[in-house]
Amino acid sequence: MASTEKSSPAVSDETERLLNRRNFLRSSAAFAGLSALAASLSPLRELHDYSSVEEFMQKYYKEMTPDDMARAIKRIENEVQRQYGIRPHVRDLRPMDGVEFVYCLNLTRCIGCRKCVHACVAENNQSRNPEIQYIRVLKLPHGSMDVDKADHLYNPEAVPEKGFFYMPVQCQQCHNPPCVKVCPVHATWQEKDGITVIDYDWCIGCRYCEAACPYWARRFNFTKPDIPKERLNLNMAYLGNRPRKQGVMEKCHFCVQRTRVGRYPACLEVCPVGARKFGNILDPDSEVSYILREKRIFIQLKEEMGTNPRFFYYFEK
Amino acid sequence: MIKGTRDYLTFLWRCARIAFVGDWRYYAWMAGLTVFCLLGLHAYCIQFVHGLIVTGMSDEVSWGVYIANFTFLVGVAAAAVMMVIPVYIYDNEELHDLVIFGELLAVAAIIMCLAFVTVDLGRPDRFWHLIPGLGQLNFPRSMLSWDVIVLNGYLLLNVHICGYLLYCRYQDRKPSKWFYIPFVFVAIFWAVSIHTVTAFLYVGLGGRPFWNSSIVGPRFLASAFSAGPAIIILALQVIRRVTHYHITDKALLTLRSIVQVSMIINVFLLINEVFKEFYSGNLHVASSRYLFLGLDGHHALVPWIWTAVAFNLISMFLLILPLSRSLKWLDVACALCIVGIWIEKGMGLVIPGFIPTPLGALIEYTPSLNETLVCLGIWAFGLLCYTIFLRMSVPILQGVLSKANENLPESDAGAPAAPAPSPR
């Protein structure tokens with residue numbers, strides 16, 4: 001084709017015919033290609049309220065002015081209202097001065113009833129389908145703290161079972177949190193009251209923090225969270241229990257929407273045996289200060305990791 | 001200035017045009033790859049809408065084949081350095097005209113790497129949070145931020161080096177040393193850094209004993225320097241067959257000795273790791289036990305890892321024996337080496353790190369069909385890119401596509417009646 005010599009009209013006609021055929025082939029190929037491309041992109045038609053422009057453009061939590069925050073809160077309230085038909089009350093609660101939270105859990109008392117697990121799901125607006133739980137209760141044989149021996153899926157007629165003890169594990173709110181160190185975009189950080197929080201509108205969903213956490217405390221929204229309307233907890237905090245989006249990380253935040261206004265976390269309130277104690281370690285008269293001072297045996301889970309948790313397990317006789 | 005820009009645009013335009021011209025084999029190959037690309041794109045659109053739930057990943061195993069392929073391909077990209085070092089430091093004659101194919105492979109591999117991390121993101125729309133100045137890159141604390149910098153830097157370095165050398169060749173002028181030699185030397189260190197940083201991504205996690213071992217970095221490099229040049233050997237043979245570009249057997253045999261030495265080191269390091277894990281028998285061995293032997297009735301990876309070990313060993317012996325001086329056997333050895341390392345460094349490294357979980361749960365992972373299609377799509381896209389790069393660079397290097405013939409009728413660029421006996 002290329003080296004055709006334009007010498008006689010007959011050859012030139014032939015060339016023209018070939019060129020026409022070539023153009024036809026070219027345009028049909030282009031058309032087929034574009035149709036195939038459109039077909040490949042077709043699932044995107046189901047993309048409903050993935051992200052609004054405001055959400056996309058929203059600034060990082062620590063860089064927001066009070067005005068920015070007011071706008072963000074309004075946007076979130078509007079979104080919840082549109083989706084659930086109820087208007088929530090979202091607040092940006094900051095850490096209190098002179099407060100550092102610590103959790104103590106009495107392993108002698110815990111009976112493994114998992115009431116804390118479900119109270120947490122209800123309080124913190126976790127997705128119900130698939131259900132996301134921040135607390136995992138391990139059933140361990142007496143005499144071992146080796147989690148490799150733990151039973152996660154125990155389901156007997158009644159708890160507690162003889163010969164076993166139960167250890168609920170949730171975010172340990174480390175002094176030296178590996179998750180914060182590894183996050184490539186500063187989307188998770190430790191606040192001065194000791195709580196490690198997440199800016200759900202800043203997380204890019206790389207799940208590096210989930211790989212880094214030695215306590216398996218982080219949970220990812222693998223799909224759009226599904227919460228029944230009537231179950232929505234309307235008392236929400238920006239860094240706490242406001243509904244999350246698909247593709248972001250979440251975890252226990254010591255119920256900031258409660259604890260930063262002087263209430264107890266939901267898991268503590270629901271515990272039927274009083275195994276859970278929570279308070280301000282900077283206050284020498286608090287229950288947690290008493291426990292850490294007076295109890296003879298207490299444990300930081302995986303102490304050898306150097307994470308220095310603010311979550312202590314203890315035994316009493 | 002304006003003329004320079006116009007010349008450069010003409011160059012780009014002619015390169016773009018030639019990518020659409022070839023014989024029927026070329027069209028068939030490109031059409032096949034495009035089909036896979038589109039299948040992958042379709043699968044990714046489904047994932048984008050419904051979330052990562054359409055993959056096999058879970059909170060227990062939170063990284064899967066995407067990150068596994070990413071890890072392998074970083075190695076392939078880094079391996080270009082194994083051609084650069086002989087050429088630029090030891091003045092190897094044989095590889096001199098071939099080094100650019102290695103660098104172009106690095107470019108294609110990095111493109112695939114970036115695609116694999118992007119599809120792994122839960123919120124790809126927020127990628128701008130990673131851009132320094134605009135977002136909040138957690139540099140230098142997060143190893144992932146290092147990875148973002150070194151991977152993109154390596155991509156730019158290689159694009160610059162290849163682009164500059166090809167443009168000079170196109171214009172038939174001698175490249176100015178100051179304009180590329182410093183970059184070549186930076187790229188040598190950079191290549192080592194991309195793979196070291198990727199290893200540190202895993203090594204830095206104290207809560208995952210399977211990864212938290214200082215041997216991971218050296219093993220990454222050894223396996224990369226065997227699998228990467230092995231891919232280059234196969235690629236060069238394809239180039240030689242379909243383009244008549246002059247590639248000597250001696251060049252291939254030089255690469256063979258590189259793969260040979262790296263493979264021996266790689267197997268040696270593997271033995272070190274296996275010994276340390278199993279002989280001491282402490283509690284942290286659960287992941288290795290799961291990988292090699294299976295744990296409590298869970299053994300999804302066991303057949304894979306033994307296949308990888310067998311392939312690596314067979315490949316090593318073939319490479320040591322004089323037998324692999326014959327190209328047929330060399331090809332077999334290279335293919336086994338590539339597959340073996342792909343398993344070992346992909347799934348064999350990433351998945352066991354998550355099993356059991358830090359709380360001792362045993363949840364297995366199998367990639368879903370959708371996830372597999374996305375992977376195939378990215379591989380097809382990478383091959384498509386590499387083919388296009390070769391389609392552009394081979395005629396330039398042969399002198400068929402050059403400034404001198406700019407004004408000739410355009411169809412000449414595609415099917416040159418020129419002296420070069422190109423079958424296209």
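Reader: Which strands of chain A form the open sheet, and in what order?

Author: In this predicted model, four strands of chain A make an open sheet, ordered S10-S2-S12-S11, with mixed pairing.

Reader: What makes strand S10 and strand S11 of chain A edge strands?

Author: Two strands count as paired if DSSP finds at least two bridges between them. By that test, S10 (276-280) and S11 (298-299) of chain A each have a single partner strand, so one side of each has no neighbour in the sheet.

Reader: How do you know that S2 and S10 of chain A are paired?

Author: The cut-off is at least two bridges, and five join S2 (residues 101-106) to S10(A), so the two count as paired; they run antiparallel. For one of the pairs, look at A:Cys104, whose bridge partner in S10(A) is A:Lys277.

Reader: And what lies across these strands?

Author: That's helix H9 (residues 287-294) of chain A, which lies across S2, S10, S11 and S12 (311-314) and runs at about 110° to S10(A).

Reader: Why is chain A called more spread out than a compact globule?

Author: Chain A has nine helices and twelve strands. For its 317 residues the globule rule gives 20 Å, but the radius of gyration is 28 Å, well over that, so chain A is more spread out than a compact globule. Its C-alpha trace spans about 110 × 50 × 40 Å along the principal axes.

Reader: How many residues of chain A touch chain B, and of what kinds?

Author: 53 residues of chain A are in contact with 49 of chain B. Helix H1 (9-41) and strand S3 (136-141) are among the elements of chain A that each supply at least two residues to that side. Its residues split into 34 nonpolar, nine polar and ten charged.

Definitions and conventions: Residues are numbered from 1 along each chain as its sequence is written. Chains are lettered from A and ligands numbered from 1 in the order in which they are written. This is a predicted model: local features need pLDDT of at least 70, side-chain atom pairs count only at pLDDT 80 or more; totals for chains, interfaces and linings use all residues. Two residues are in contact if their C-beta atoms, placed from the backbone, lie within 7 Å. Ala, Val, Leu, Ile, Met, Phe, Trp, Tyr, Cys and Pro count as nonpolar, Asp, Glu, Lys and Arg as charged, and the others, Gly among them, as polar. The radius of gyration is taken over C-alpha atoms; the globule rule is 2.2 Å times the number of residues to the power 0.38. Axes are lines fitted to C-alpha atoms, for helices over the stretch in contact, and angles run from 0 to 180 degrees between N-to-C directions.
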